[in-house]
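Dear colleague,

I am passing on the structure we spoke about, and below it you will find an account of what came out of the analysis. Please read the account with the coordinates open beside it.

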Amino acid sequence: MGLRKLKEILGINLLRLTIFISILFLFLFIILIFAKGAKMLSFSFLTQPPKSGMTKGGIFPAIIGTLYLTIFSVLFAFPIGVLSSIYLVEYAKKNFLVTIIRTAIGTLAGVPSIIFGLFGLAIFVITFGFGVSILSGSLTLGIMILPVIIKASEEAIKAVPDSFREASYALGATKRQTIIKVVIPTAIPSILTGAIMSIGRAAGETAPILFTAATFYTRKLPTSIFDEVMALPYHIYALMTEGTAPEYQVPIAYGTSVVLLGLVLVISSVSIIIRFRMRRKKKW
Amino acid sequence: MVKNELKVEKLNLWFGEKQILKDVTFSIPDKKITAIIGPSGCGKTTLLRCFNRMNDMTDNVKIKGKIILDGCNIYEEKTNLSSLRMKVGMVFQRPNPFPKSIFENVAFGLRVKGFKDKTRLTEIVEKSLKDAWLWNEVKDRLNSSAMELSGGQQQRLCIARALATNPEVILFDEPTSALDPQATAKIEELSVELKNSVTVVQVTHNIGQAARISDYTAFLYLGELVEFGISEKLFTVPQDKRTEEYLGGKFG
C-alpha cells in the first residue's frame with residue numbers, strides 16, 4: 001500500500017518536472033532574447049534603414065519585407081489550402097490516387113525548408129523568370145506552408161458533425177450549398193487557427209527566402225512584387241554570419257529578433273481576435 | 001376510406017451484401033401519425049430514410065422497389081432531390097440545429113431554394129415557430145444562437161425548420177430519445193397537433209409512445225414488415241405471433 005502511494009507521488013512529480021523543464025526553457029529563451037535585444041528598441045530602430053555598413057540605424061526595410069512576404073505567401077496558400085482540404089474531405093473517394101495525394105501532402109510537410117529554397121530558386125527565380133523577388137519568395141514560402149494549412153483545414157472540416165450535413169441535405173440543400181452554408185461557416189474558426197500557425201512559420205523562416213527573395217542590404221523599399229527585399233530572419237542571419245563589426249552588429253541581431261517575435265505575436269493576436277469574434281457571434 | 005399519402009411497394013434495400021429491407025409493402029395514410037416500431041437493427045430508421053432518399057448518400061447502397069408520393073415514384077431518375085426533401089421533412093434523433101441564429105435555422109430551407117422576399121420570409125419563420133410551439137420562448141431573441149436553447153427547445157426548432165418549407169410529410173427518427181420526460185411529452189403533444197396539417201411518420205423505440213400518439217403502426221422485424229394496421233388493434237390484438245412476442249417484451 002505504502003509502495004503504491006510512493007509510486008503515485010513519484011509519478012506525478014515526474015510529470016511536474018517535465019512540464020517545468022519545458023516552461024523553464026521557454027522563459028530562459030524569452031528572457032535571453034529580451035535582455036540582449038530590448039535595449040536596441042527605439043522609434044528610430046523601427047523606422048530607419050540600416051546605416052554605416054549595418055552597424056547603426058534601424059531595420060525598417062526588413063520589417064516591411066517580412067510583412068510583404070508573409071502576407072503574400074498566406075494570400076497564395078490560404079485559398080489553395082482550404083479548397084484542397086474541402087476536396088479531400090468532402091469529395092475525394094478512398095482510392096489509390098487520393099492516398100498518394102495525402103501521402104504527398106504529409107511528405108511536403110516534412111521537407112526541410114532549405115530544400116524549398118532551392119526549389120524556389122530553380123522554379124520561380126530561374127524557370128519562371130521572376131528573379132529574386134517578393135513574388136518568388138512568397139510563392140516559395142506559400143508552398144512550404146501549404147501542407148500546414150491543408151492539414152489544419154482538413155481537421156477543422158472533419159470536425160464539423162455529420163448531423164449538420166444531414167440536416168442540411170434533409171432540408172433540400174445540395175452538396176455545394178451544404179459546404180458553403182453549413183460546413184465552412186462552422187469550420188472557419190479552426191481553419192483560421194491553421195492559418196495563424198502558418199503565418200508564424202512564414203514570417204520566421206530564413207532558408208526558403210535565402211535564394212528567392214532576400215537581399216543583404218537595400219535602402220529602398222520595394223515598389224513592386226518583382227523587387228528583392230530585406231527580411232527580418234535573413235537580416236539576423238546576415239548580421240551574425242557576414243558581419244564585419246560584431247560588437248555593433250550582434251546587438252542589432254538581438255534587437256531584430258525581438259521585433260520578429262513581436263511581429264509574429266501581433267499578427268497572431270489580430271487573427272485570434274478575429275477568430276474569437278466569429279466564435280462569439282456563432283456561439284459555437 | 002382513408003386517403004393514402006405514401007405507398008411503399010416491394011421495397012428492398014441492401015448495404016453492400018447485407019439485405020436490410022425485404023419486400024416491404026404498405027401504405028401510409030394521409031394526415032395521420034404512423035409509427036414504425038421494431039427491435040434495434042430491424043431496419044426501421046433505414047426505412048424512414050428511404051422516404052426522403054437520405055440513404056442515397058451511403059456508400060454501397062442498393063435500392064429496389066417503389067415509394068409513391070403524389071402519384072410519382074420518388075426513386076425514378078427524374079426525381080429532384082431538393083424538391084422531394086422540401087416535401088418530405090425530417091427531424092433527427094438528436095437535436096441538430098445549425099450553429100446559426102434561431103431565425104437563420106428556420107429560414108435555411110427557403111434560403112437554399114433562393115427565397116428572397118424578406119417580409120414573406122419573416123412571416124414564414126414566425127408561423128413555423130408558432131406551429132412548433134416555440135415562438136413565445138424565442139420571439140425576443142430570434143438573432144441569438146440556436147445553440148443557447150435547451151435540448152427540447154432545439155428539437156422543436158428542428159421541427160420548425162422542417163415545417164418552414166411547407167412539407168406534406170414529416171419524418172421523425174426517434175425524436176425524443178435524447179430528451180427528458182417533460183420535453184418528450186411536449187414533442188408528443190406537438191406531433192398529435194401536427195397531423196392536422198401534415199402526415200407524420202415516426203420511428204420509435206418506445207412502444208408506449210407509439211401506442212399513445214400513433215393512429216397506425218408498422219412492426220418491422222429483421223427487415224420484414226410483419227404487421228401493419230390501426231394502432232389500437234395492433235397493440236391489443238396483434239395478428240402475428242412475432243408482434244405479440246415483441247410487444248410482450250420477449251425480445252427487443
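A residue is called buried here if 20 or more other C-beta atoms lie within 10 Å of its own, the C-beta atoms being placed from the backbone. Please also keep in mind throughout that this is a predicted model.

With that cut-off, helix H3 of chain B is mostly covered, since 8 of its 11 residues are buried. The buried residues are B:Ile102, B:Asn105, B:Val106, B:Ala107, B:Phe108, B:Gly109, B:Leu110 and B:Val112. They pack against helix H8 (175-204) of chain A, and also against H2, helix H4 (118-131), helix H5 (135-138) and helix H6 (151-163) of chain B. After H3(B) comes B:Gly114, which has a positive phi, near 80°.

Turning to the strands of chain B, strand S8 (residues 199-203) is mostly covered, with 5 of its 5 residues buried. The cover extends to both faces, as B:Thr199, B:Val201 and B:Val203 on one side and B:Val200 and B:Gln202 on the other are all buried. Strand S3 (residues 33-37) of chain B pairs with S8(B) in the parallel sense over 4 bridges, and there B:Thr34 has B:Val201 as its bridge partner. Strand S7 (residues 169-173) of chain B also runs parallel to S8(B), joined to it by 5 bridges, and in this pairing the partner of B:Asp173 is B:Val203.

Strand S1 (residues 4-15) of chain B is joined to S2(B) by 8 bridges in the antiparallel sense, and B:Leu6 stands opposite B:Ile28 in S2(B).

One residue that I looked at separately is B:Ile230, which is found in strand S10 (residues 224-230) of chain B. B:Ile230 counts as partly exposed because 15 other C-beta atoms lie within 10 Å. Leaving aside residues up to four places away in sequence, B:Ile230 touches B:Asp215 and B:Tyr216. Between the C-alpha atoms of B:Ile230 and B:Cys42, which are 188 residues apart along the chain, the separation is 21 Å.

Finally, chain A is divided into domain 1 (2-39) and domain 2 (43-282), and the centres of these two domains, taken over C-alpha atoms, are separated by 31 Å. Their contact takes 5 residues from domain 1 of chain A and 6 residues from domain 2 of chain A. On the side of domain 1 that touches domain 2, the residues by class are 3 nonpolar, 1 polar and 1 charged.

With best regards

Key. Residues numbered from 1 in each chain as written. Chains lettered and ligands numbered in written order. Predicted model: local features only at pLDDT ≥ 70, side-chain atom pairs only at ≥ 80, totals over all residues. Domains from an automatic or database assignment. Contact = placed C-beta atoms within 7 Å. Nonpolar A, V, L, I, M, F, W, Y, C, P; charged D, E, K, R; others polar. Pairing = 2+ DSSP bridges. Helix = DSSP H or I, 4+ residues; strand = E, 2+ residues; numbered from the N terminus. Buried ≥ 20, exposed ≤ 12 C-beta atoms within 10 Å, placed from the backbone.
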